[in-house]
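Dear colleague,

Please find below the structure that I am handing over to you, together with its sequence.

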Amino acid sequence: MSGAGSAPQTRYIGRFAPSPTGPLHAGSLVAALASWLDARAHAGQWLVRIEDVDQPRCVPGADTFLLHQLATCGLVPDEPPVWQSTRGALYQQALDRLVAQGNAYPCACSRKDIEDAQAALGHARERHAALPYPGTCRNGLHGRAARSWRFNATNFEQKSAPALDGKAQAATNLIANNTVHWSDRRLGPQQQDVARTVGDFVLRRADGLWAYQLAVVVDDADQGVTDVVRGEDLADNTPRQILLQRALGLPTPRYLHTPLVCAPNGEKLSKQNGARALELSDPVQALAGAAQVLGLPPPKNPQAGVREALSQWVAAWPRNYNGAP
């Protein structure tokens with residue numbers, strides 16, 4: 001696939017991309033079910049990608065167990081899964097292209113360097129929030145050794161951002177007034193000034209591992225993904241990914257960010273805060289819990305098997321998520 005802008009109206013291709021840092025839990029099943037239902041409701045293809053680029057956090061055998069859990073729930077990909085850990089050459093090609101364009105640069109800063117620089121500007125880090133990168137190395141390393149590589153969001157936004165006026169304000173997936181604008185199929189119109197909110201973000205980390213933002217953009221384009229359905233906690237990643245898609249001349253998929261399952265403390269349910277592995281002795285019951293989060297009704301037949309329940313939810317899906325491709 002080539003060419004910038006929204007994904008062309010070709011056959012729908014969706015994907016579920018879990019990280020093998022542990023088994024699926026109730027929250028990840030919501031995202032898996034939503035992406036599968038959206039693909040099936042549009043007679044499309046559903047892929048699974050194992051996002052194991054962050055190797056130190058991966059649990060041996062978790063990828064195989066994740067696939068087994070999905071299969072138990074009737075969620076079987078239409079093609080063999082791919083693993084990010086095998087795709088480093090593609091990520092390197094993308095980074096090389098960004099460097100050659102002047103859209104990426106080496107950075108010598110540690111997290112403490114960034115905190116110190118922001119503190120000098122009177123900015124303190126908020127809980128659960130990273131400080132925006134202040135651009136220390138944007139104009140050179142000044143004798144320091146490179147640690148990571150960053151995308152030059154500041155320059156790219158400025159080069160790509162015309163002023164909005166009148167009708168243009170309703171446009172989606174564009175960069176204007178130094179702000180990325182896009183429309184989510186559930187959340188509606190969204191916008192973010194990446195340079196101000198995040199700063200020049202990392203493409204390759206100081207430990208040599210590939211950053212999520214670059215890997216996901218390269219993988220989605222390489223696999224022909226037209227629609228990304230994932231949890232709402234990832235919505236703020238979208239503008240960074242749109243910037244990279246534009247810089248690399250890749251299509252922008254349509255996005256749908258699903259409701260989150262929250263832990264008792266109100267935070268997103270995750271492996272990091274002790275989410276329990278799915279109990280799949282009754283897969284229909286587990287799926288029904290995920291369907292409820294998505295606003296879908298329980299199975300009409302209390303004795304329904306996995307296939308019957310999934311068929312019911314495929315039929316109901318467009319009524320609940322009518323921001324269809």
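This is a predicted model: local features need pLDDT of at least 70, side-chain atom pairs count only at pLDDT 80 or more; totals for chains, interfaces and linings use all residues.

Salt bridges

Side chains of opposite charge can pair when their charged atoms come close. In this model, the count of such salt bridges comes to 17.

The side chains of R15 and D220 form a salt bridge, with a nitrogen-to-oxygen distance of 3.0 Å. This pair joins distant parts of the chain, since R15 belongs to strand β2 (residues 13–16) and D220 to helix α7 (residues 212–222), 205 residues apart. Both R15 and D220 are buried. The two residues also belong to a network of salt bridges, in which R15, R49, E51, R87, D219, D220 and D222 are linked.

A second salt bridge pairs D38 with R185, and their closest N and O atoms are 2.8 Å apart. Here too, distant parts of the chain are linked: D38 is in helix α1 (residues 26–41), while R185 is in the loop between β8 (179–184) and β9 (188–192), 147 residues apart. D38 has a relative accessibility of 0% and therefore counts as buried. R185 has a relative accessibility of 16%; because the cut-off for buried is under 20%, R185 counts as buried as well.

K112 is exposed, because its relative accessible area of 56% is over the 50% cut-off. D116, with a relative accessible area of 40%, is partly exposed.

The surroundings of Q241

Which residues are in contact with Q241, leaving aside its neighbours within four places in sequence? They are Y212, Q213, V216, V217, R230 and Y255. Q241 itself is part of helix α8 (residues 238–248). With V217, which is 24 residues away along the chain, the C-alpha separation is 6.2 Å. Q241 has a relative accessibility of 1%, so this residue counts as buried.

With kind regards

Definitions and conventions. Residues are numbered from 1 along each chain as its sequence is written. Side-chain values use heavy atoms; hydrogens and water are left out. Helices (H or I, at least four residues) and strands (E, at least two) are DSSP runs, numbered from the N terminus. Buried means under 20% relative accessible area, exposed over 50%, partly exposed in between (1.4 Å probe, protein chains only). Contact means heavy atoms within 4.5 Å. A salt bridge is a side-chain nitrogen of Lys or Arg within 4 Å of a carboxyl oxygen of Asp or Glu.
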